[in-house]
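Welcome! Take a look at the structure below, and then we will walk through some of its charged side chains together.

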Amino acid sequence: MEKENKKITDEAKKEFNESVRSLVLHIKKKDPRCIAQKEKQKQLEEERLAAEKRRKEEQRRKRAEEIERITKQEQDMIAEHEERLDGLLNEFSDSEEEADPFYCPLCKKLFKSDKMMKQHEKSKKHKEKLAELQGEFAEELQAAGLAPKTEELAEDDAPRSTKKKKKKNRRQQHFSSDEEDPYDVSHLKDD
């Protein structure tokens with residue numbers, strides 16, 4: 001009996017709750033206050049969407065202007081470098097030394113043969129000057145924002161002269177002044 005009573009009571013509660021819900025929905029549809037509230041919420045949502053759209057368009061416009069400004073700066077910088085290179089090329093082509101095909105404009109040296117020129121290009125001084133010029137050019141590009149920043153040269157990429165200097169410095173540090181350097185051949189010289 002209790003089970004049947006509970007079942008009937010639960011069904012009655014469900015029916016009552018359903019009727020209350022339908023009444024509330026009917027009132028919401030017909031009540032002018034609820035209708036005004038819905039209209040207000042709809043209007044606020046439209047305003048929010050319009051503001052969001054304006055903000056996105058403004059951001060796109062600013063980005064486009066920034067890209068245009070950066071592109072113009074890069075083009076100006078490239079044009080400046082091209083003018084500078086053209087000036088250097090003209091300077092070297094106008095000089096009498098350039099008339100000779102065996103001239104190194106970097107070291108400002110004239111050679112008598114192709115073999116001497118190639119030997120010079122392999123020399124330590126030429127490589128150091130070339131590395132110095134490349135470093136200056138890379139720094140200018142980095143300062144202009146045209147080249148990504150790179151780490152220093154790896155030890156394998158470093159010129160040989162610096163490797164030799166480092167090796168010599170390590171030897172000198174390794175052996176104290178009272179110890180004898182086994183690689184030192186100065187004492188073997190005949191007088």
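Arg 33 and Asp 31 form a salt bridge, with their closest N and O atoms 3.2 Å apart; the term stands for a side-chain nitrogen of Lys or Arg within 4 Å of a carboxyl oxygen of Asp or Glu. This is a predicted model, where local features need pLDDT of at least 70, side-chain atom pairs count only at pLDDT 80 or more, and totals for chains, interfaces and linings use all residues. Residues are numbered from 1 along each chain as its sequence is written, and side-chain values use heavy atoms, leaving out hydrogens and water.

**The Arg 33 pair**
- Arg 33 is exposed, at 65% relative accessible area, whereas Asp 31 is buried, at 15% (buried is under 20%, exposed over 50%, partly exposed in between, with a 1.4 Å probe and protein chains only).

**Pairs along helix α2**
- Glu 52 and Arg 55 meet in a salt bridge of 2.4 Å, N to O.
- About one helical turn separates Glu 52 and Arg 55, because they are 3 residues apart in helix α2 (residues 32-94); helices are DSSP runs of H or I, at least four residues, numbered from the N terminus.
- Another salt bridge joins Glu 65 and Arg 61 (2.6 Å, N to O), and Glu 58, Arg 61 and Glu 65 are linked in a network of salt bridges.
- Glu 65 is partly exposed at 43%, and so is Arg 61 at 38%.

**The wider picture**
- The structure holds 10 salt bridges.
- Side chains of opposite charge can pair when their charged atoms come close.

Note on methods:
Helix = DSSP H or I, 4+ residues; strand = E, 2+ residues; numbered from the N terminus.
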